[in-house]
Amino acid sequence: MTLSVSVTEGGRTLAARLPYEHVHGQAAATVRDRWADTDGFVLFLAVGAAVRIVAPLLAGKDADPAVVCVDEAGRWVVPILGGHAAGANDLAAAVASLLGATPVLTTATDATAVPALDSLPGFIAAGDVAAVTAALLDGRPVALDNPLGWPVPPPLAASFPALFRASGPHGPQARGELCITDRDRPSRPGLALLHPPSLVLGVGTSTDADTDEVASLVDRTLAAAGLARASVAELATIDRRRSHPAITGLALPVRAFTAAELATVPVPNPSVTVAGAVGTPSVAEAAALMAAGEGATLVVTKQASSHATVAVARRAGPRGHLTVVGLGPGHARHRTPAATAAVRHAQVVVGYGPYVDQCADLLSPAQEVVRSPIGDEAVRAKQALAEAAAGRQVAVVCSGDAGVFAMAAVVLEVAAGDPSAHGIVSAMQVMPGVTAAVAAAAVLGAPLGHDHALISLSDLHTPWDVIEARVRAAAQADLAVAFYNPRSARRSWQLGAACRLLLEHRPPTTPVGIVHDAARPGQRSTVTTLAGLDPGEVDMTTCVIVGASTTTVVAGRMVTPRGLPQP
Ligand code: SAH
């Protein structure tokens, strides 16, 4: 939960432009009272005043909320607390984009090209992160110990000129040590750990297993083996226990397999009793190994308590993941929080250049960014699938919605012809976004208030006679129509042709809305009529919405009534 606090009229006006709960006046008392239950504060105060208010409340990096200050003129947004740990830098970027201000980031890793160890996608940092970061920033040698041979993210390797590959944990001149490990190591000054998501917990339970019993068996098992909980990527079990409270209570992503699948996995400790009861000789060991994938090893064999068994497998390498993200039409305020999180968590962000720019406020030096040229969507999809297959967390970004005339479909089309991609696409996530038709309709009023069709006029992938037949059908069905890809330099006559088809079935006075750059800087819109539409006004960043026969204009706004008069 984010709370904004203002004390002046200028601050109050700025705060009203933000989508956060807002309190005016009583800044010190408000911050104090809400400190414990607020994730982020946006204070319309001088930095000095804010520092005096928050100083007595500070508890520690892990507990304190994010605090950002905005100046009276709304020009600067300055995170003063929790830049990385509490997300204040991200909050500052979001506030700045909403206010048209500049974020002033003072955390050293954001001011240089050194990735922040505590927000490296795909790792959880622990230990003396501050000392190792300082050594890297100063260009002092840092020994990298990577006993698992886990892939070092290229931006990490590339942007650390000081990164010094020692033969062992103590390089001769190393001033700091960075260890990529799924083990817990005793903390000491100068040692930072990066925990990769390398471990899979296999869990079997009886129906009457108790949540606390299973949680404590897991804790004891990890502690006895010296394994870091932060490296546990997921929990694997048998399908019939997927929703058991003792399983879901562990707050890990759950993967479940059928008894028949588990029975195929060779394990060190098969049990005849378990086979008789559930149809597979092993649940914990088999599920851990199966989920951990090819090349996995069992690092902890079956450990049992009275109603549960636990085993731990280690993956041979990272498991890749693909998310196709709809960024919305333009402005960050129309981007969903889920889309924002998906871009932030990606190691590799792939997209057509302008779409990458559209989420520039979310990108960090720790991420690899692939800006693709226009066209060649299939090449982009194959590249994203290949990156995910190589074990990386990949986000493909699209404008608007991820699946409306966009990359989610392309990825699945490519996968249809490539069975080796099925593992990735079966787990692929698609993050929806506000599509152009909806953004444009909102600008115009409510032209999509009743049944409607979305039609792309691009004949690059669809023959014109098919498009024509669809426009004709929409005309006959009296649907309002939103045209995507209405006109480009090479496709200039299609919109006029489509309008003539619609004119055969609806009056020349039918309202038409033209929206350029909906919800982006430079947004422009006009409302005209079907007979009066000038296709010359339309280009590739335009969405054209043609009303149905019932559509009217009220005070300059288009409306298609929700129903038709009853006969
Ligand atoms: N996935 C996108 C659509 C991509 S097709 C979405 O869901 O919105 C590209 C077409 O979408 C453009 O030619 C234009 O017709 C339309 N479009 C995309 N963003 C737009 C915007 N902000 N304003 C107006 N039209 C837009």
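Does Asp376 count as buried or exposed, and at what relative accessibility? At 52% relative accessibility, Asp376 counts as exposed, where exposed means over 50% relative accessible area, buried under 20% and partly exposed in between, computed with a 1.4 Å probe on protein chains only.

The views below show a predicted model, in which local features need pLDDT of at least 70 and side-chain atom pairs count only at pLDDT 80 or more, while totals for chains, interfaces and linings use all residues. Residues are numbered from 1 along each chain as its sequence is written, and side-chain values use heavy atoms, with hydrogens and water left out.

**View 1. The chain as a whole.** The chain has 20 helices and 29 strands, which are DSSP runs numbered from the N terminus (helices H or I, at least four residues; strands E, at least two). Its C-alpha atoms fill a box of roughly 80 × 65 × 45 Å along the principal axes, and 49% of the 567 residues count as buried. Among the contacts (heavy atoms within 4.5 Å) with a separation of 6 or more, 64% join residues 24 or more positions apart.

View 2. The shell contains 20 residues, of which Asp401, Thr435, Ala518, Met540 and Thr542 come nearest; a residue is near the ligand if one of its heavy atoms lies within 4 Å of it. By class, this shell has 11 nonpolar, 6 polar and 3 charged residues, with Ala, Val, Leu, Ile, Met, Phe, Trp, Tyr, Cys and Pro taken as nonpolar, Asp, Glu, Lys and Arg as charged, and the others, Gly among them, as polar. Taken alone the ligand exposes 540 Å², and the protein buries 94% of that; accessible areas come from the Shrake-Rupley method with a 1.4 Å probe, and for residues only the protein chains shown count as cover.

**View 3. Phe405 and its loop.** Phe405 lies in the loop between β20 (393-398) and α16 (407-416), where its phi is near 50 degrees, a positive value in a residue other than glycine. With a relative accessible area of 45%, Phe405 is partly exposed. Not counting residues up to four places away in sequence, Phe405 touches Leu454, Ile455, Ser456 and Tyr484; the C-alpha atoms of Phe405 and Tyr484 are separated by 8.5 Å, although the two residues are 79 residues apart along the chain.

**View 4. Asp376 between a strand and a helix.** Asp376 is found in the loop between β19 (368-372) and α15 (377-389). Its phi, too, is positive in a residue other than glycine, at near 50 degrees.

**View 5. Thr560 after the strand β29.** Thr560 sits in the segment after β29 (557-559) and is buried, with a relative accessible area of 3%. Its side chain makes a polar contact of 2.8 Å with the side chain of Thr551; a polar contact is a pair of N or O atoms within 3.5 Å, and within protein one must be able to donate a hydrogen and the other to accept it, with residues adjacent in sequence counting only if both atoms are side-chain atoms. Leaving aside neighbours within four places in sequence, the residues in contact with Thr560 include Ala446, Pro447, Leu448, Gly449 and His450.
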